[in-house]
Amino acid sequence: MTPPYPASPRGEHVDVYTDPQGREVRVPDPYRWLEDPDSPETRAWVEAQNRVTGAYLDTLPARAAYRERLTALWNYPKEGTPWKRGGRYFRQFNPGLLNQPVLEVAEHPQGPWRTLLDPNALSADGTVALAGASVSEDGTRLAYGLQSGGSDWVTWRVRDVASGEDFPDRLEWSKFSGAEWLPDGSGFYYSAYDAPGEGGVLTGANKNQRLMFHRVGTPQAADTLVLARPDEPDWGFRPQVTHDGRFLVLHVWKGTDPKNLLWVRPLESDGPWRELAPDFRARFELVGSEGDVLLLKTDEDAPREKVIAWNLATDERRDLIPEGPHKLDFAAAVPGGLLAVTLEDASHRLTLYGRDGTRGREIPLPGLGSLSGLSTQEDDPEVFFGFTSFLTPATPYRLLLPDGEPQALAEPALTFNASGYEVTQEFATSRDGTRVPYFLVARKGLVRDGQNPTLLYGYGGFNISLTPAFSPSRLAWLERGGVYVQANLRGGGEYGEEWHRAGTLREKQNVFDDFIAVAEHLIATGVTSPAHLGIQGGSNGGLLVGACLTQRPDLFAAAVPQVGVLDMLRYPHFTIGWAWASDYGRADDPQMLHTLLAYSPLHNLKEGTTYPATLITTGDHDDRVVPAHSYKFAAALQHAQGGEAPVLIRIQTRAGHGAGKPTALLIEEAADVWAFLEARLGGPRPGAAVDSPPRPR
């Protein structure tokens, strides 16, 4: 039954836009008042919605079982991929259920490890998280960034590695920034913004990023302004120092478009920059250097990317690793060579090349999965990386070049027997004939009777690739007979820049068509049926879910849009939203207005339509996709719902877009989502491992 929803008064606000013919287009925005997160009305609405959602979730019989099982599944040692600086090794580690992983240091890659920084000691509720860690080249100093309550704002501190004591340094109002050390460890570059105005900490637009230099032991007020471009308020800056300390290379970014400017100058100089790539025509990423030669990964004239050598002395450019049939996902310089990681139908391969571009050996990986955390140094043959798959937790590996084989540094002990499950890759055909891959994870011997409770997950945007990855949360769903499906949609980066562009701007509908095609393929092949099919996605994936549930409400029984971009007309007005225009376009561009109106989830709800059961999730400290998106969509969907299925919103306090969320909150949210889905999609299925979970291996 539909629960009684809190009152959501509909105001009279109307925005006026202009179409390509110069005519006015009037768009009502009845829930504009929910954009103010601090108003008494919004706060009362949030509390009332959470009461309704909490009361509904309390009735779900599977909720307690999921919490118990998820707590057990999460409780295993999570050993992060080490990285090496100055003969010391660093890693993040969580022995089981700590809210935040601790940062550790050792003299050997297998320990013994010493705690260098424990974020759990910095807040009672575990909501202060490590948002960045950069160690000086000699391994003596750590610059670390902290975020609080899920906000993207980062405060930088500096710690002495040997003593574990902090310097007095404290750098505020940094965002979308790392810390890039000078070779001698005396200071580092970082990026920051002006302090936001009153009321704008979590909603104000982030413009005019500045590149700063901080010398250790001095106050932030004494930091040197390296670069600011008030004439280009949308520009941001990511510096890199070449490994030999000769050059400062600057990546100038503009929004989320992968194209960037590339500037360089001698590290000791404060003179003009040499603009190697003076316009946003392509992506250029520093991989390494050899004297005057920069090694760069680029998609210029190579949509699947390549590695080039750019001689700064002669301006000569030549291909080292030419564009191949598969996307070059990332590359790294190692002694005498290059490591290249390619994507083949959304899973990784690792290949060693010579510095002259000669293809060497393919380095075997443990299976169909994803490589993460590749850690290299240009003058050190010791390499580390993480490897994960849908059924294998992230595991750190050590690789000694040039001839060594990957050696696992840990073997995670799970209370889950993966041998009873399998991963298959299948392909659907989208509306325009495009072949769309997806991974299906289920118990072996899956009976395709159309009755399997199935969750379809997707993203489809910003050149981001969805590769196989482990989640302890999904194991609980699999154990109870559920099926998990992960779709690789246009808009992502799985097949290079052409695949990405095919899901942006006026082509954005392709992303939704791809997702719908996978759903229909799951039904046609007997995996599931509309009564047992749910969809989930976060952020841009929340937009995906919102668009698909409004376009094809008949196709799904449940939908979970999480921290979603749901108001496609207003998104540029908050925090970093303006930066997404390269994928979405803007409503104040008459050429894009009708495209956005055609799929914006908030603007395509129709009163009286029977929509699937929907659980919207967001965090009150989300300053990436502000919670107003979810608030307005929840109010509008509750108003429009013509069926009996519930429309609920779960608003987590002291939480943001997802990064740094404490383990306890992750488990609570996952239990609520799975219990909601099981209640709507059915389950557990016969034979599911519910009462007797397998013992640790």
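# Close-up views of the predicted model

**Figure 1. Strand β26 (residues 347–354) is mostly covered, since seven of its eight residues are buried.** Buried is used here for a relative accessible area under 20%, exposed for one over 50%, and partly exposed for what lies in between, with a 1.4 Å probe and protein chains only. The model is predicted, and for that reason local features need a pLDDT of at least 70 and side-chain atom pairs count only at pLDDT 80 or more, whereas totals for chains, interfaces and linings use all residues. Residues are numbered from 1 along each chain as its sequence is written, and side-chain values use heavy atoms, with hydrogens and water left out. Strands (E, at least two residues) and helices (H or I, at least four residues) are DSSP runs numbered from the N terminus, and two strands pair if DSSP finds at least two bridges between them.

**Figure 2. Strand β26 takes part in two hairpins, one with β25 and one with β27.** Eight bridges in the antiparallel sense pair β26 with strand β25 (residues 337–344), and Glu 344 stands opposite Ser 347 of β26. Two residues lie between the strands of this hairpin, where Asp 345 takes a positive phi near 50 degrees. With strand β27 (residues 359–363), β26 runs antiparallel and is joined by three bridges, and here Tyr 353 has Arg 359 of β27 as its bridge partner. The hairpin of β26 and β27 has four residues between the strands, and Gly 357 in the turn has a positive phi of about 90 degrees.

**Figure 3. Four strands form an open sheet in the order β16-β17-β18-β19, with antiparallel pairing.** Strands β16 (235–241) and β19 (274–277) stand at the edges with a single partner strand each, so that one side of each is left without a neighbour in the sheet. On average, neighbouring strands of this sheet are turned by 25 degrees against each other, direction ignored; the axes are lines fitted to C-alpha atoms, for helices over the stretch in contact, and angles run from 0 to 180 degrees between N-to-C directions. Strand β18 (residues 260–266) and β19 run antiparallel and are joined by three bridges, and Trp 263 has Glu 275 in β19 as its bridge partner.

Figure 4. What does Val 264 touch, not counting residues up to four places away in sequence? Taking contact as heavy atoms within 4.5 Å, Val 264 touches Phe 247, Leu 248, Val 249, Trp 273, Arg 274, Leu 276 and Leu 312. Val 264 has a relative accessible area of 3% and is therefore buried.

**Figure 5. Helix α8 (residues 590–599) has Met 592, Leu 593, Leu 596, Leu 597 and Tyr 599 as its buried residues.** These buried residues of α8 pack against the strands β1 (14–18) and β2 (24–28), and also against the helices α5 (509–524), α6 (540–551) and α7 (581–584).

**Figure 6. The second largest pocket has a volume of about 330 Å³.** Of the 18 residues that line this pocket, the closest to its centre are Leu 146, Gln 147, Ser 148, Thr 155 and Arg 170. Two or more lining residues come from each of the elements β9 (141–148), β10 (154–160) and β11 (171–174). The lining divides into nine nonpolar, four polar and five charged residues, where Ala, Val, Leu, Ile, Met, Phe, Trp, Tyr, Cys and Pro count as nonpolar, Asp, Glu, Lys and Arg as charged, and the others, Gly among them, as polar. On a 1 Å grid over the protein atoms alone, a pocket is an open set of points with protein on both sides within 12 Å along at least five of seven lines, a cavity is a set of points where a 1.4 Å probe fits but cannot get out, and lining residues have an atom within 4 Å of a point. Grid points are joined across faces, edges and corners, and a volume is the space filled by probe spheres set on the points.

**Figure 7. A cis peptide bond, with omega about 10 degrees, joins Gly 111 and Pro 112, and another with omega about 10 degrees joins Leu 401 and Pro 402.** Pro 112 has its place in the loop between β6 (102–106) and β7 (114–117), and Pro 402 is found in the loop between β30 (395–400) and β31 (407–408).

**Figure 8. Phe 462 has a positive phi of about 55 degrees, and Thr 575 has one of about 40 degrees.** Phe 462, which is not a glycine, lies in the loop between β34 (454–457) and α3 (472–479) and is buried, with a relative accessible area of 14%. Thr 575, also not a glycine, has its place in the loop between β37 (558–562) and α7 and counts as buried at 0% relative accessibility.
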